[in-house]
Structures are given as structure tokens and as C-alpha cells.
Amino acid sequence: MTPALPSALNRPPDPVLLTSLASAAMGDGRGDLCYERESRGAPSEWGGVYGQLIRLTGPWTVVLTSAGATTDLPSCRVRSGPFPGGWGSEHRWKGLEVLQDLVAIPRPAGVVRRLRVRSESTSPVPLTFTSHFSPFLFPVLVEGIRPVEFVVQSLPEGVAIGNHGFGLRAAATVSPARLLLNGEVWEGGQYKGPVSEVALEHEVAVPARGSGEIRWQISGGLTRDLDKALGDSGPTIASPDELAARQAADDLQWTRGTPELEFPDAPELEVAYRTARAGLRRLYSEPADGMVGLVAGYPWYSAIWCRDLAIMLPALLWLGDFEWVARSLATVFRFQSRHSVRLLAGEPGELPMQLVPGPIFLYGTSDSTLRFPRVVEQMHRHTGDVSSVVEWAEALHRIVEWGRGRSDPTTGLLRHGGEAEAISQATASLARVRYGIDSPDTTIWDSADRRDHALDVQVLWWQALCSTARLLGHAADHDRRMTCEGQAAHLAETLGERYRWPEQRYLYDSLRGAIPVARVRPNALRAVSAGLLDPATARAVVERAAEGDLSTPWGVRSLSGNDPGYDARAYHEGQVWTIATAWAADAAFAVGQPERGLAYLRTIAARYVADGGLANECYLGDRPEPFNSCYLLGFSVAPFLRLLFERLWGIRVDGVETSVRVLPAFPLAWTSAKLTGLRLAQGRLNLEWTPGHLRVQWEGSCGLSVDTGNAVHPIAPGETAVLDLPSPPERS
Amino acid sequence: MAGDAIRLETEFGAHSLEALIWVAETVDASVYAPGSLVRTASGFRFSLANPPLRIGAFSGLRLGVDGTWVPPDSVRVRLGPQGSWRDSVRLSPSNPLELQAGSWTEFEADCPLPAGPGPVTIRLELSNVAIPPLVWMEIHDTMREVAPP
């Protein structure tokens, strides 16, 4: 077993995460916005307010003072918990009842915090509230940097703080009686220099047998956006009740637009579906005008990471949020590089690695760009909207050209590696201080060196070619379509010839030059899911991955425990990742082993329960403990959601052809399953499964063809039909 | 690089270039404490106001000067000016250097240095316990002389 680190937090408290489309707040549930969590092996403080994907503050605490006595909120907490659209806590101190509400707000991006105090005293109670926080004002994606110098401006209602183009405003409904900077009383005006802490003291007289109230709002992000938002909203700090109600209504409306799943034989999967769906919703982000997507995770991946976004968007298509997918794709492709920009490691056709308002963006991964053609093609299938297909086909063609530039003409294999090094070299002459991570490669396991031809990157390249070919077909660009198809066929041939690892009955992880890299990783399962292997080889790969060195009771490791380089707490060299567990489920279903696939899905569902309704990024390789793990990651929920629809229900939609194929892969012991409200291009579909039968109800604007594997059935709008299903051995 | 900047501005607008400069300038001003590279009686020292690029637990570090590594037993580190010095050779996975955003660290090395006013390049490498590839930074600066006590 890996020894625990001396100061690692064994079991951190369940975090409180409040989000709006442009902001977030994090706390530990004890009353203040403080949240310490092990990160990269050591405790780190993540509490505070985030706006426009910029960390605005460190921990934000409130202290109450009355008649010479002082308390913080955690010390007098009675109870706390979420309410629709927000989070609240109740405190009792010196005969006072203190009620707190916190709500994340999108515009201006930040948080509203309210304290209401009720007194039973027969005389007035003078109270001082002191609000303490440290400014941060830097994008979350730049890990570990807290600027050393700020500009602070006092205001009648609080303070404004800036660092370059990033800014925050801390305002209150009760003007501060006193300001403190770095622990010293500050007379106000403007200050420029280091700021470790800002404190605002507010005096409130609570009347006899009466109540008093104070509200704060901390908001910010880009100063230019903050100024505009505050100009539009005016000086009033809105009621948390109204703000929370609005947030809750938006969430409810979104949830009502998504399908419902019922699995009477596996209620834990129903619960996991709702958990994963709610988790994905928390990641929705529209941090600035024209910038739409989902953040990768919390706490430290709260930026739009395009690799993660590409993995999440297919789940959104199944949840029916076509509009968010279209807007997200439009955002990402707006940053498709048309020229070589060495400063940002961008090459023509490439899509960014990450996006933050500014706009701040960077290229330089081997796989992010390759993931998008498949998403674009899937969007067209789900929405059936081909009105812009020519433009999309052109954008995908640019990706294919980018990939061709990195491919070996003889083998068709795409070469990766050296991306981070390129950034370092490009910026070498620009600064007297240089930084870098000695990371020679940038696949999904970007701290592992998997050069030159990692198998899963080749699978993505093959899928990119196939998806682009389909879209080019819709765009009637047949010459380019045939070129893509020919290249995909050539690549598939190479993959079939060069990656087989007979001794392990598995696939090599990569090729370094032409030399196979003999390491057992779950990434090989992607070739199974893509259908690139013959059935016997595919089954052998699934069987091998199920062995104990790779699969554990809490998920699938990033590297076999038998590998000499295995380290139980190394991010990509041994830790268990939920996304790898989802790959294993995907591959098991692909080879016709639904019971095994379901077992992996149940493993993921059990993690959600163990994580208190959240979804950790990864766990130690030798025990089911989160380590170096974001507590909510899109990687850990979206693939699970997708598999419920694509593999367990076995659905493939084609809105362009107005058809759907349904080949359920429920275990033989199951008796029923139900899916309600699946959005297709031309309407909504309800399905009820019992062994051998499928009841189809179609509420659409035109007829729908339903392919059940043994026959294609036309279903008229408004019609309900019961269709026969082939028995499992007849599935094709 | 000028060409890159022009292309960036042309393709993605002036805000993209402006924002890139905000980030670059903040990082430049927020990690290496300007002017902290000082010649001492036995070698040199310098300070960082933030961890370089990555937070977390670091099980090892090494320092180099103009391409030559300082012997590991001659390197010390402490958290903040009041912290206790720790020998770099005693850092390990079970006794790591723990850094979070805003951590102030000071590094000191016993290492004879060539005399002279020219700038030197200091290279610092840190090994994280959770993410294997090391993090590095290079400081190209002129050493200040310590004023006699």
C-alpha cells in the first residue's frame, strides 16, 4: 500500500459547490467559503469566489463581534445544507439567531451572501460584521499563481481591486465603517502593492426583539466585463431568495428537457444517471459573451478545456441540449487556428487546448483537435440540421489537413509529442525567467511519455477521418470524402498489423518509431470500442483488461500494476480513473458482454455514492481514495451518461435520415427498462423494453424509421407501436 | 514573435493579445522575487513568491548555475523568511516540500561562483509526488552582492 503523505487530508469534508453560468463558490459546509483539499499531493486552499473562470478570492470568512465578544460562523453553526439554487446555514450565538444564504450569480459574475440576525433581547444589540478575504484575480488554469501586487480602490459600498485586466468588486448593503488592508486600518483612497488580506467592518444595530440584515456581493473577472455588468445591474444587491429561485427554475427547466431513465432491475443506475446528469449541469459555463461550453471540473480545472469538452458534448446530445452543443462547438471553432502561431503552439487547423475569457487560449495537445470531428458529425446526426454542413465540412477538412501534416505517409500513423517543448522554445527569448514542465507528450495521459504513436491517438485520428468523410458526403464534396475514406482504410490496416501483442493477448500502447511500447494501459480498449479489431482479438483485449492488474473493484488503472513503472499515486502511471472504467464498459458492450459492461457501470455508480454525489477525477491505484483529484470532473460523468444510451440501450440516431436504431443490451435477467423524452431531430421518443419486445411512442413532426436489428419499422407521428426484438444471439 | 503577435491580433482580435500580455506580465512578476538573487559568503540565494507552475508536494529539487548542478547536499530551502531551513537531500515522498498558491520559498546554495558582474542562469527543478514529469524554471539575472553585516 502507498503510505499516506504526512499532511495529506485523508477524507476531506464534502465540498459545497455553488455555480452559475459564469461563477462559482466553494466552501466546506461549515459556514465560510473555506475549502482545503489535497491537490498534487499536498493540502491546498480552494475556498472562495470565482467569476468568469478567474479566481477572485481566496477563503472568504465573516466574523461577528458584539460587546467585546467575537465569533466566526463555523464555531456557532447549528445546521447547514443546500436549498434550491443556493446554500444556507443557521448559527446561534449569544442569544442571536443568524441565518446565512449564499447564491452564485452570473451577471455580474460572483456570489451574493446574506446574513440575517434575529434577537430576542429586550434591548438593541450592536453588531459588527467583519468580512475577510484575500484577492487572487488570476485565471484558475494558471495553477498556483497568486499575483503579488494589486490596485485597491475604496468605494462607498466597499472596495474595487484590480490586477492588470482582472478585477473584483466587494460591495455590501451596509457601508463599511472601517477598512483594513493586510491587517492594518486603511483610511481608503487608492493603494497599490502587495495585499494578503482585505477586511471590511460593517456595523448593524439589531433592534430589541427585532432583526437586522446585511448582504455582500463579490463579483468580478475581466474588469471591462465587470464594469459593464455593474453598470447594467446598478448598485443594488439583489435578494438571494430571488436569485436562488431564478437559478433553481433554470436548472429545473433544463432537467425537464432531458430524458428520464428507469431501470427497475438496477435502481442504482437510475440514481447514478440523475447524479451524473446533475453533475454535468454544474459544469455548464458561459463565462463571457460568445464563450459557451462546460468547464472541465472543480476545483482546479475550472476552465473550458477542449479535450474535456469534446468528451462531454456527446452526453449533452443524448440529454437533448442541442443548442448548448451547437454554441459550444461554435465557440471552440472560433479559435481554430488558421496560421502557425508558435507563441501559442498553434498550427493551421488546430483547435485550442483551453479557453478562458480574455480571450486567453493555448494550443499544443496531440488529441484535443482530433476529438471534434466525431462530435460535429454526431451533432448533425442528432439534430438532423444540415443547413450549415458545408461550412462544418470545411472546418473539419482543416483538421484533417492538420493531421495529415503530422502523419507518416507510409503507415498513415499520426505522430505526436514535443508540443509543450515547442511552446517553451518559442518563448525562450522573451523573458528573463522561463518556466516549463518536462512533459514530452500531450495525450490524454499528458504526464506520461507515450510518443510517437499512442494507440488511442491513432483511433482518434481514424475516427476523425471517418467522421469528416461522412460530413463531406453530406456536403457533396465527394473527392475529399473519398480521400478521407482511403486514408482511414490505410490507417486501419496499419493498426491491425502493428499493434498486436500476442504474449499479452493485448495491444501495444504505442510505437516509438517502429518499436512497440509494451505497456498494458486501458487506452487499448478504445480500438475495441471503435470496432477496429476482429471479434476474437477484441474479446481477448476485453478479457485481458479485466484482469486484476488493470481492473480494480473501484475502477480501471491508467497503467497495469505489473508494469515496472507503476506507481499507485502517479497520475497517469497507476491511478484509477473513472474515464478508464467507462472505456472498459464501452469495450465490453462492444464485444457483446453486457454483464461485464454493466459491472463496470455499477463500479462507476458506486463511486458516485462514495463521493457523496460528486464524481472524482481519479483514485489511488491501491485503494479507493481520491488522490490528486478534482472532486467533480466532466470526464467522470459524461462517458457514463453516453454509455447508458449508446451501449445499454443500444441507440444510434440519424436525424438526417429520420431514423433510429435500437439494439438493447440489457442483461438476460432484466425484466424491463424505460426511457422517456429522448430528443431526436424531429421530435421526442419514448421507449419501453421488456424481454423480446420494444414499445415505441413517437411524438414527431414526420415519420420515424426504427431499426430493431431484424427489421426496420416505419412509425407515424403520434403512433405507438410494439416491436419484436431479436433474441440476444441474433444481435448484429 | 512580432509576426505571431500580429497574426494573433488579426485572427482573434486585440483583446487576445492584450490578455496574453496580462498573463505573461503577471506570471513574470509573481514567481521569481525580483532582485532576490544575492551572492552570499558561501554561494547564493534567491526567493520565489509563488510556486513555479505547479502546486503540491515535491519530493526532490535540484539547482544548477550556468549549466552546472550544485551538489544536492549544498542546497537548502525554507517556506517564508521565518521558516526553518531544510536540506534538499532530506526531501522525499514522505517528507516533501509542500507548496500552494502564494507560498513564499527561499533557496540557498553553498557553491563557489565565478566573480564578476555578469548575469548568471539559475535552473531550479522540482519533482512532484503525484505528477511525475518535473517542473523547472530558469532565472537569468545578475547577482546582487550582500551588504556586509
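**Entry 1. Chain A overall**

I counted the secondary structure of chain A and found 15 helices and 45 strands. I then took the radius of gyration, which is 27 Å and close to the 27 Å of the globule rule for 732 residues, so chain A is as compact as a globular protein of that length. I note that the model is a predicted one. The C-alpha trace of chain A spans about 80 × 65 × 55 Å along its principal axes. Of the 732 residues in chain A, 57% are buried. I also looked up the contacts in chain A between residues at least 6 apart in sequence, and 63% of these join residues at least 24 apart.

**Entry 2. Confidence**

I checked the pLDDT of chain A, which averages 95, with 97% of the residues at 70 or above. Residues 5-10 of chain A have a pLDDT below 50, and in the model this stretch makes 14 contacts beyond near neighbours in sequence.

**Entry 3. Domains**

I looked up the domain assignment of chain A, which gives domain 1 as residues 16-249 and domain 2 as residues 652-730. The C-alpha centres of these two domains of chain A are 51 Å apart. For chain B, the assignment gives domain 1 as 1-30 and domain 2 as 38-145. Their C-alpha centres lie 30 Å apart.

**Entry 4. The interface of chains A and B**

I asked how many residues of chain B are in contact with chain A. There are 51 of them, in contact with 49 residues of chain A. On the side of chain B that touches chain A, the elements giving two or more residues are helix 1 (2-12), helix 2 (14-30), strand 3 (56-65), strand 7 (97-99) and strand 10 (135-142) of chain B. Helix 2 of chain B gives the largest share, 13 residues. By class, this side of chain B holds 30 nonpolar, 11 polar and 10 charged residues.

I then examined strand pairing between the chains. Strand 28 (residues 433-437) of chain A pairs with strand 10 of chain B in the antiparallel sense, over five bridges. Within strand 10 of chain B, W136(B) is the residue opposite G436(A).

Strand 40 (residues 673-680) and strand 41 (residues 683-690) of chain A are antiparallel partners over six bridges, and a hairpin of two residues joins them. K674(A) stands opposite E688(A) of strand 41 of chain A. Strand 41 of chain A also runs antiparallel to strand 42 (residues 693-700) of chain A, with eight bridges. Here R684(A) faces E699(A) in strand 42 of chain A. The hairpin between strand 41 and strand 42 of chain A has two residues between the strands, and G692(A) in its turn has a positive phi of about 85°.

**Entry 5. Helix 12 of chain A**

I listed the buried residues in helix 12 (residues 535-545) of chain A: A538(A), A540(A), V541(A), V542(A), R544(A) and A545(A). The elements of chain A against which the buried residues of helix 12 pack are strand 30 (506-507), helix 11 (525-529), strand 33 (551-552) and helix 13 (578-590).

**Entry 6. L294(A)**

I located L294(A) in strand 23 (residues 291-294) of chain A. Is L294(A) buried or exposed? L294(A) counts as buried because 25 C-beta neighbours lie inside 10 Å, where the cut-off is 20 or more. Leaving out residues up to four places away in sequence, L294(A) touches L283(A), Y284(A), S285(A), L309(A), M312(A) and G634(A). For M312(A), 18 residues from L294(A) along the chain, I recorded a C-alpha separation of 7.9 Å.

**Entry 7. Backbone exceptions**

I searched for cis peptide bonds. One joins Y298(A) and P299(A), with omega about 5°; P299(A) is in the loop between strand 24 (297-298) and strand 25 (304-305) of chain A. The bond from R451(A) to D452(A) is also cis, with omega near 0°. D452(A) is in the loop between strand 28 and helix 9 (455-474) of chain A.

A345(A) has a phi of about 60° and lies in the loop between helix 5 (322-334) and strand 26 (354-356) of chain A. A345(A) counts as buried because it has 26 C-beta neighbours inside 10 Å. D66(B) has a positive phi of about 50° and sits in the loop between strand 3 and strand 4 (68-69) of chain B. With 12 other C-beta atoms within 10 Å, D66(B) is exposed.

Notes: Residues numbered from 1 in each chain as written. Chains lettered and ligands numbered in written order. Predicted model: local features only at pLDDT ≥ 70, side-chain atom pairs only at ≥ 80, totals over all residues. pLDDT = per-residue confidence, 0-100. Contact = placed C-beta atoms within 7 Å. Helix = DSSP H or I, 4+ residues; strand = E, 2+ residues; numbered from the N terminus. Nonpolar A, V, L, I, M, F, W, Y, C, P; charged D, E, K, R; others polar. Pairing = 2+ DSSP bridges. Domains from an automatic or database assignment. Rg over C-alpha atoms; globule rule 2.2 N^0.38 Å.
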